[in-house]
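Hello,

Here is the structure for your files. Please open it alongside this note.

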Amino acid sequence: MFAIGGRTASSTLTRKSSTALDPGRRRLPTSQLIFDILFYGYCCQSKLLTRHLPAFAQRYPQFQRWVLEPLFRHLVFDKFAGGETLDECFAKAAMLQERWGSETAALTFIVDEAAEDLEGEDAFDIALQGKLQLFRRIEECSARGHVRVPFVPLKCSALLPGESLERLTLLVRDLPDSGNRSDGFVRPNEADAVLADEDTCTWAGLDVATMEALIDQADAQHVAERGQTATGGRSGPLRKGIARLHTILADARRRGVAVLLDAEQSDRQPALDLLFRLLALTHNRCDESPVLYNTYQCYLRRAETALARDLSFCRAHNLRFAVKLVRGAYLLTEQTRSSGTATGPPPVWSSKADVDRNYDTLAHRLLDLVAQGDASRPSLLFATHNRESATRLCVHMTRGLGLPANHPDVHFAQILGMADLLTIGLANGGLHVTGSPSHGVRVSKLLLYGDVSTLLPWLLRRLQENQVRRDKGSRWLPDVVF
């Protein structure tokens with residue numbers, strides 16, 4: 001039988017085996033469960049925390065400093081954040097490792113310093129050095145056997161100008177043969193299956209030479225808009241940012257860490273997709289483990305197009321296809337932006353059910369590629385707090401495809417403070433097949449560190465974009481779903 005976090009896939013599961021499959025309730029204190037119910041239940045009924053207070057704080061910065069930040073520090077900072085420093089973050093990870101006790105050592109952590117968009121070459125260089133320092137500390141921590149950190153997020157707009165990404169996106173969309181103006185890439189025949197097989201999915205979007213030319217054109221526009229004189233060579237902001245990215249990815253490989261490229265809003269995401277493919281040519285070669293994962297947001301209609309395009313690109317260039325699949329982080333912003341467009345379908349799905357269906361469909365097809373031994377050797381990270389999605393994926397992976405639960409190329413991830421019981425259940429063998437306990441699923445918990453003022457915008461986005469709901473089949477804890 002099969003269960004994650006206390007929910008079963010079969011009503012025939014006995015009460016005794018249900019207890020055995022539910023490590024979450026035994027590892028979370030009652031006080032935390034009560035807080036979860038009250039806090040998430042309030043968020044489910046009220047928009048005060050997720051919309052009204054953030055809007056008021058944006059209008060009156062002193063309100064954020066003197067009211068909102070102390071409120072979040074005392075109520076939720078410790079629940080959702082790893083700490084204010086990296087040392088505090090590692091200490092919390094070690095504490096969680098011991099408290100949540102993974103006998104199969106399946107529980108790992110994703111660690112990063114909270115960061116928003118930066119401006120200026122000096123700030124970008126400081127961010128670069130900070131990331132390299134983080135990699136070094138992770139390697140030292142792993143060598144001591146304290147905690148394992150296989151993934152680190154990376155926000156591109158902390159290493160290069162966000163406006164350069166927007167400029168590059170516009171250039172991509174303005175290509176005369178772009179076809180689909182929502183993302184700048186031609187979609188294959190609508191009748192083709194999602195992530196079609198190798199024979200029918202042979203398109204790869206833009207060729208490498210065109211992508212390189214677009215980057216140089218975007219940098220040239222940057223120079224012209226500022227009335228500067230072109231110095232020749234490749235010294236524009238995008239090229240400098242790409243050089244920083246190469247430095248980070250090369251050091252990540254040396255330290256045994258993979259990098260998760262954060263998604264952005266639709267006015268930047270096509271540029272990030274382009275950068276992913278160029279960087280993958282160097283860092284995701286098929287004879288090595290992948291270093292760079294691209295993020296695909298399933299609330300966007302373009303997600304399956306982007307996945308199919310990048311899969312084909314990786315096949316064509318003998319690269320590892322590394323995917324982080326999420327539901328999405330900018331839903332409200334995208335809905336607001338799309339409401340102002342006069343023609344064409346909106347870029348986002350219209351309902352939560354459509355998003356869930358899209359996520360599950362794409363995730364199942366990606367698992368199929370792993371089972372089929374696809375030439376791109378996909379490596380997958382399913383970032384989801386949705387217990388039903390995780391359950392269906394694990395059943396499909398083990399029962400449907402015969403893959404081991406702890407397959408080295410299949411990972412799950414959740415944010416600290418969200419769906420903790422799901423994380424615990426996955427890591428501790430909460431997956432059982434035909435009555436025999438299997439290894440725990442590979443699962444990571446995201447721990448961000450930084451001061452409250454830095455973490456607050458990130459936390460508010462999580463509360464805004466993640467729909468909070470009470471699961472009808474679970475009376476004791478609501479899920480946070482994204």
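Below are the notes on aromatic rings and the charges over them.

This is a predicted model: local features need pLDDT of at least 70, side-chain atom pairs count only at pLDDT 80 or more, and totals for chains, interfaces and linings use all residues. Residues are numbered from 1 along each chain as its sequence is written, and side-chain values use heavy atoms, with hydrogens and water left out.

Aromatic pairs

A search of the whole structure finds 3 aromatic pairs. Rings of Phe, Tyr and Trp (its six-membered ring) pair if their centres lie within 6.5 Å; planes under 30 degrees apart count as stacked, over 60 as edge-to-face and the rest as tilted.

One of the pairs is Tyr296 with Phe321: centres 6.3 Å apart, planes at 65°, so edge-to-face. Tyr296 lies in strand β6 (residues 292-297), and Phe321 in the loop between α12 (303-316) and β7 (322-326), so the pair ties together parts 25 residues apart in sequence. Helices (H or I, at least four residues) and strands (E, at least two) are DSSP runs, numbered from the N terminus. Tyr296 is buried at 2% relative accessible area. Phe321 is buried at 0%. Buried means under 20%, exposed over 50%, partly exposed in between (1.4 Å probe, protein chains only).

Another pair is Phe382 with Phe412: centres 5.6 Å apart, planes at 50°, so tilted. Phe382 is in strand β8 and Phe412 in strand β9, 30 residues apart.

Charges over rings

Arg301 lies over the face of Trp349, 4.5 Å from the ring centre. The criterion is NZ of Lys or CZ of Arg within 6 Å of the ring centre and within 35 degrees of the ring normal. Arg327 lies over the face of Tyr359, at 4.3 Å.

Best wishes
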